[in-house]
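Trainee: Please take a close look at the charged side chains for me. Then tie in the rest of the chain.

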Amino acid sequence: MGDSDVTGALTRRRRATFAARRGGSLLPMNGRSAAGCQGSGTADASRDNGHGKRDHSLETSRSKSKSVKEKRRNDISDRLSCHKSQQSLLSSASGYSNYRGVLNWCVVMLVLSNARLFLENLLRYGVLVDPIQVISLFLNDPYSWPAACLVIVSNVFILVALYTERQLSKGSFSELAGFLVHCINMAIMLTFPAAVVLLVPSVTPVGGAFVLGNYTILLLKLYSYKDVNMWCRELSTVKAKKLARSLSCPSAQHLSGSDHKVCYPGNLTIRDMYYFVFAPTLCYELNFPRSPKIRMGFLLRRLFEMLFFTQLLVALTQQWMIPIIQSSMKPLEDMDLSRMTERLLRLAVPNHLLWLMFFYWFFHSSMNFTAELLRFGDRQFYKDWWNSESVTYFWQNWNIPVHKWCLRHFYKPLLRRGFSKMISQSAVFFLSAFFHEYLVSVPLRMFRLWAFMGMMAQLPLAWFVGYFLRGNYGNAAVWISLIIGQPFAVLMYVHDYYVLHYRQEAD
């Protein structure tokens, strides 16, 4: 008992001493001021901040160690498993679309295969390119140039259209009389050159096609010229006597330089008419968009392309196309179906390449050259027809000037008269088929309707592709129709022309 009391007393004494020390650290001691207490408080705060920084560094080191551990675990898991759920690249579910390497491979294969065909052609036939023969296609008799004379005579029809519009603007002609004069003028334009090509033996097929193409373009231009001026007269009777394209034409004395806007009937001048005749468009306007200046570098590049592709088209036609066509006559005469199919497929590749070159030469090089020379601002002569997923989209985008003319002067007027869209579209295809046949049959002096039937066949083809094929399948159908359809028509016309002329001469 005595020992336990001594031990308890010692324990109590130690606790009292610890409490006294603890209280001294909290309360001011005898002889110390409040500032000393405040200083001790500041020191305690700095010690607390130090402890916080150390805690933060400890937490950072712990997070780094955790990330290192997780990385090690991921590395170990990657070593243990190398598979995950994913689709093959060529599967449609993968969403992969970068096939640039495959496209390059196709280009390389195309170049190599055609290089082999070209070498085979040279080894079999030799060099067949003859520029003098091309000149003779235009001129049989060097002292008689009927094609050039017909082009010069076309100025008469231009001046008749201009004179008629001037009389209509003055009121000297009634609307009915002006309409009849325009109709007679355009009817003669359509029949007169065709009659000359058919009746004059010195007109070659190439020269005849060139002349009829020029007259067809001029016919469409003058029809647009007639319509636009008639619309101006109709609007002028409602709104004002003079009409600008913006319907707010300022007076002539306030206009100068490039800001000049032509008002009706101020557009009825020879200069305005011939600018429209040479402009790369079929649709007339009072004020065409104009580019600020002529870019000589751009102009020379287009000129070089025109000369280069002209020579290339002639050379490939003589060296590649003509031998294949000549070798196709015997299977066509014997009606050997397998041989005819082989010749058709053999002709498809050079024919299609020549068509693509002609497209670039005419719609890009030639029309941009003319537009740059005339400072014509609207350069949209074609759109992305190569991405066509339907036949209708192709015909709407590969020849924009013709499409604009058909839409503005033929399709929409039919709709306004109450015709349905189907009938109006069929009428547009019928008109196009007529001019295709007109430009082929008349120069060849034979009427077989292959071009007409080929164009009218676009209607059921457009319906079939539009309803049953979508996306890439529709685009493939459009390309197949272009690659196979054209050489088929070429073979038919060449065969009939050969039978009609050279076969009769041989007999």
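Mentor: Buried means under 20% relative accessible area, exposed means over 50%, and partly exposed lies in between (1.4 Å probe, protein chains only). This is a predicted model, where local features need pLDDT of at least 70, side-chain atom pairs count only at pLDDT 80 or more, and totals for chains, interfaces and linings use all residues. Residues are numbered from 1 along each chain as its sequence is written, and side-chain values use heavy atoms, without hydrogens and water.

Start with Arg-233. Its side chain meets that of Glu-165 in a salt bridge, 2.8 Å from N to O (a side-chain nitrogen of Lys or Arg within 4 Å of a carboxyl oxygen of Asp or Glu). This pair links distant parts of the chain: Arg-233 sits in helix α7, Glu-165 in helix α5 (residues 146-170), and 68 residues separate them. Helices here are DSSP runs (H or I, at least four residues), numbered from the N terminus. Both Arg-233 and Glu-165 are buried.

Arg-233 has another partner. Its side chain also forms a salt bridge with Glu-175, again 2.8 Å from N to O. Here too, distant parts of the chain are linked: Glu-175 belongs to helix α6 (residues 175-199), 58 residues from Arg-233 in helix α7. Arg-233 counts as buried because its relative accessibility is 10%. Glu-175 has a relative accessible area of 42%, so it is partly exposed. Shared partners join Glu-165, Glu-175 and Arg-233 into one network of salt bridges.

Now the surface. Arg-62, Lys-66, Lys-69, Arg-72 and Arg-73 gather there in a patch of positive charge (residues with over 30% relative accessible area and no salt bridge, like charges joined within 9 Å). Arg-62 lies in helix α2 (residues 34-80). With 52% relative accessibility, Arg-62 counts as exposed.

Arg-375 has phi near 55°, a positive value in a residue other than glycine. Its place is the loop between α11 (337-374) and α12 (391-397). Arg-375 has 26% relative accessible area, so it is partly exposed. Arg-445 has a positive phi as well, near 60°, and is found in the loop between α14 (421-444) and α15 (450-456). Its relative accessible area is 25%, so Arg-445 is partly exposed.

One more loop needs a look. Tyr-264 and Pro-265 are joined by a cis peptide bond, with omega about 5°. Pro-265 is in the loop between α7 (205-238) and α8 (270-278).

Last, the cysteines. The whole structure has zero disulfides (pairs of cysteine sulfur atoms within 2.5 Å). Cys-232 counts as buried, because its relative accessibility is 6%. Cys-406 is in no disulfide either, the nearest cysteine sulfur being that of Cys-283, 8.9 Å away. Cys-406 is at 14% relative accessibility, so it counts as buried.

How values were computed. Patches are made of residues with over 30% relative accessible area and no salt bridge: like charges are joined within 9 Å, nonpolar side chains (Val, Leu, Ile, Met, Phe, Trp, Tyr) within 5 Å. Accessible areas come from the Shrake-Rupley method with a 1.4 Å probe; for residues, only the protein chains shown count as cover. Lys and Arg count as positive and Asp and Glu as negative; His and the chain ends are not counted. The place of a charge is taken as NZ of Lys, CZ of Arg, CG of Asp or CD of Glu. Helices (H or I, at least four residues) and strands (E, at least two) are DSSP runs, numbered from the N terminus.
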